Amino acid sequence: MFKNKSESGKNNICGRKVCELRMGLATKMSQRMLAERLQLEGIDVDKNAIQRIESGQRFVTDIEIKALCKIFNISCDELLN
């Protein structure tokens with residue numbers, strides 16, 4: 001049976017990278033701050049959604065990926081690899 005999970009069993013492949021990017025900023029960004037930035041981009045998420053994305057428990061839509069790339073000023077390839 002086909003499952004929509006990565007090889008590691010997680011529901012996304014970008015969660016770990018989102019956490020690395022968020023924590024790697026000169027001024028670390030909290031999960032709440034990232035959720036607020038995404039809301040400014042029109043993405044309806046909260047701090048708990050960010051936590052689930054980073055832990056691989058939540059799927060990430062293409063619209064969310066595009067907004068994350070804009071916030072971190074990176075390409076989609078950088079986020080997904």
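Biologist: Is the crossing of α2 and α4 right-handed or left-handed?
Modeller: Right-handed. Keep in mind that this is a predicted model.
Biologist: At roughly what angle do the axes of those two cross?
Modeller: Roughly 110 degrees, with the axes of α2 (residues 31-40) and α4 (residues 62-72) coming within 10 Å. So α2 is roughly perpendicular to α4.
Biologist: Which residues meet there?
Modeller: From α2, Leu34, Arg37 and Leu38. From α4, Ala67, Leu68, Ile71 and Phe72. By class, that contact has 6 nonpolar residues, 1 charged and no polar.
Biologist: Take Arg37. What does Arg37 touch?
Modeller: Leaving out residues up to four places away in sequence, Arg37 touches Met29 and Ile71. The C-alpha atoms of Arg37 and Ile71 are separated by 7.4 Å, though the two residues sit 34 apart along the chain.
Biologist: And is Arg37 buried or partly exposed?
Modeller: Partly exposed, because its relative accessible area is 37%.
Biologist: New topic, the largest nonpolar core. Which residues touch the most other members?
Modeller: Val18, Leu34, Leu38, Val45, Leu68, Phe72 and Leu79, out of 21 residues in that core. At least two core residues come from each of α1 (15-24), α2, α3 (47-54) and α4.
Biologist: Where does the largest share come from?
Modeller: From α4, with 6 residues.
Biologist: What about Val18, which residues does Val18 touch?
Modeller: Beyond four places away in sequence, Val18 touches Leu34, Glu54, Leu68, Phe72 and Leu79.

Terms used:
Residues numbered from 1 in each chain as written. Predicted model: local features only at pLDDT ≥ 70, side-chain atom pairs only at ≥ 80, totals over all residues. Heavy atoms only, no water. Axes fitted to C-alpha atoms, helices over the stretch in contact; angles between N-to-C directions. Helix = DSSP H or I, 4+ residues; strand = E, 2+ residues; numbered from the N terminus. Parallel < 35°, antiparallel > 145°, perpendicular 65-115°, else oblique. Left-handed = near helix turned anticlockwise from the far one by under 90°. Contact = heavy atoms within 4.5 Å. Nonpolar A, V, L, I, M, F, W, Y, C, P; charged D, E, K, R; others polar. Buried < 20%, exposed > 50% of the residue type's maximum accessible area, 1.4 Å probe, protein only. Core = buried A, V, L, I, M, F, W, Y, C linked by side-chain atoms within 4.5 Å.
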